[in-house]
Amino acid sequence: MIVYIVLIPLLTALITPILGMFNKKTSFYLALLNAFATFFIVILTIKKVYIYGPEKYWFGGFEPPYGIEYVVDSINAIILFIISLVFIFSVIYSKKSLEEEVENKRLTLMYTMINLYYTGILGITITGDIFNLYVFIEITSLSAYTLIAMGKNKKALMASYNYLILGTIGATFILIGIGYIFMATGSLNMYDIKLRLPAVYSSKMVRTGFAFLTLGLCLKLALFPLHTWLPNAYTYAPSAIGALLAGTGTKVSAYALIRILYSVFTLEFDSKIIPFNFILLILSCVAIISGSFLAISQKNLKKMLAYSSVGQIGYISLGLSIANLNSLQGSIIHIFNHSLMKVSLFFIAGGIFIKYGYENINELKGIGRKMPYTMFFFLLSSMSLVGIPFTSGFISKWYLILGALEQSYYLVIPVIIISSSLSFIYLWRVIEMAYFDKKEDTMHDVKEVPLSMLVPIGFSSLLCVFFGIYPKLPISLAEQAANIILGK
Amino acid sequence: MIEFVIIKYNYWISIVLMMIGMYGMIAKKNLIKKIISMNIFQVSVFLFYISMGKVKGGTAPIYLPDVTLYDNPIPHVLILTAIVVSISTTAVALAIIIMIQKKFGNIEEDKILEIMKKDD
């Protein structure tokens, strides 16, 4: 059954342009149908996984080391859940926002690429075959390049081109890494490789392969020194696309990194045989601080949010590098929460851009009185991003700090606190402009965003608060995942 | 040392090609030259994979009654997929370059950056 999770979006992507030739309105409803159908199947699968254990599917009935295998276990169940949830929001939001920002004749092809992108991210999450992972990474990236290039501003083209060059370097590095690991083990199935690798851990081939793989994935993840493609790509893409990419793209790469670090290689290899986890720890701390500083210096609202993403990715990799139960749990919960927060914030930035026509923070004077609902939801999501108690951001930061204390990495705690206060500063600038600036912009007669945009904004930011007050679902899902990663 | 180079010449070729591609992607200002360098970079990896599948004394992996040793066909099949990916990446990149030419009026990176700075 789990094969339908990838098959439905893929078939939708194929049908969309054909039906679009006859009636352009069908493409949106097809995408919506696809989103709900996939979400339904994902929910059923997760339920099965928690009752009966991992679900597997063998392509063509070939047994795992020889054929391609799809697996859903506790680690990717939570990622599947958040991706399919965010995709539903993005599709609902995209109706009005794409109509405003993209030429009408391109809408059908846009929805084709959105469905293809969805196929790619679901494929990365679900596959148990390391070469299949590369193919899905490329499907995701190729559709992301085209989607970004559709932005209204002509800078979108250069952003997309730069992403293409860097993304291809990253993907090619992943390919080389897979080649080395195949040379060392003769296998492409992740679980089979995990069994065969310990015998050859001392070989230089495996170490080189590991270096290439992790470097390529860090490029896709936009970890700090390799983040240069991210801010422009997210800023100049059409609003709905920017939000979808911010909510899912880097999260899926983070998941792929978890798989490579802990399901293909082992914790022992990452932290003892080579000091990768220590390097990742330092890089993450640098990413957290510098991402927040870069965000403060931005004038453009979307760019500020994109740089804040660079910092937040640091939190995810921080949890991975500390690698005990609490920190891994924190990292997975942060993937979940950050997805919701960033999607909602990018939705709001997009809504302001469509209604106002510009997105510089200085120009948003008195917008809180004109768009009361939107800015209220902005307030909720930014509280969650800062990590104020009773919002979801607090939960993940709490677990990360617990994990760091357990391993006695005391330096991590001031890093998290400094970054939280920095994020408070850069989000406060927007809120101050929106609510406390007396001078009103009388030039624009701005009204609230349309309902089809307000609903996804509202749902995603209310969920940020909901999962802060009732965090049982993500915590229990993340705990099982962390236990599997640690091999308990 | 010379022996080390000669015996593993296939790896050296892919290293040299890879570095040429990397250099081109970083140093060239023309967007199409960058894409060509990217292709060289990818081809180096393809050669690496193809030479990896060679077994000493093996023949092509086609069943023959009196042959026992075959080359490993899996890397070759994998690289077929990677070639398809590489072609589609190139196609997307060229399409984007056409759009850039239409909107900016040229495809030299430094001139485009100048235009973008003027707009701010």
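The expected span of a helix is 1.5 Å times one less than its number of residues. Helices are DSSP runs (H or I, at least four residues), numbered from the N terminus. The model is predicted: local features need pLDDT of at least 70, side-chain atom pairs count only at pLDDT 80 or more, and totals for chains, interfaces and linings use all residues. Residues are numbered from 1 along each chain as its sequence is written, and chains are lettered from A in the order in which they are written.

Helix α8 of chain A covers residues 204-221. Its 18 residues reach 25 Å from the first C-alpha to the last, close to the expected 26 Å. Several of its residues are buried (20 or more other C-beta atoms within 10 Å of their own, C-beta atoms being placed from the backbone), among them Phe210(A), Phe212(A) and Lys220(A). The cover over the buried residues includes α5, α6, α10, α12 and α13 of chain A. Ala222(A) follows α8(A) and has a positive phi, near 65 degrees.

Helices α5(A) and α10(A) cross at roughly 165 degrees, and their axes (lines fitted to C-alpha atoms over the stretch in contact) come within 12 Å. Therefore α5(A) is roughly antiparallel to α10(A) (an angle over 145 degrees, between N-to-C directions). Residues in contact (C-beta atoms within 7 Å) include Leu133(A) and Ala144(A) from α5(A), and Leu245(A) and Gly249(A) from α10(A).

Chain A gives 22 residues to the contact with chain B, and chain B gives 26. On the side of chain A, α5 (130-149) and α6 (155-185) each supply at least two residues. The largest share, 14 residues, comes from α6(A).

Note on methods. Contact = placed C-beta atoms within 7 Å. Buried ≥ 20, exposed ≤ 12 C-beta atoms within 10 Å, placed from the backbone. Axes fitted to C-alpha atoms, helices over the stretch in contact; angles between N-to-C directions. Parallel < 35°, antiparallel > 145°, perpendicular 65-115°, else oblique.
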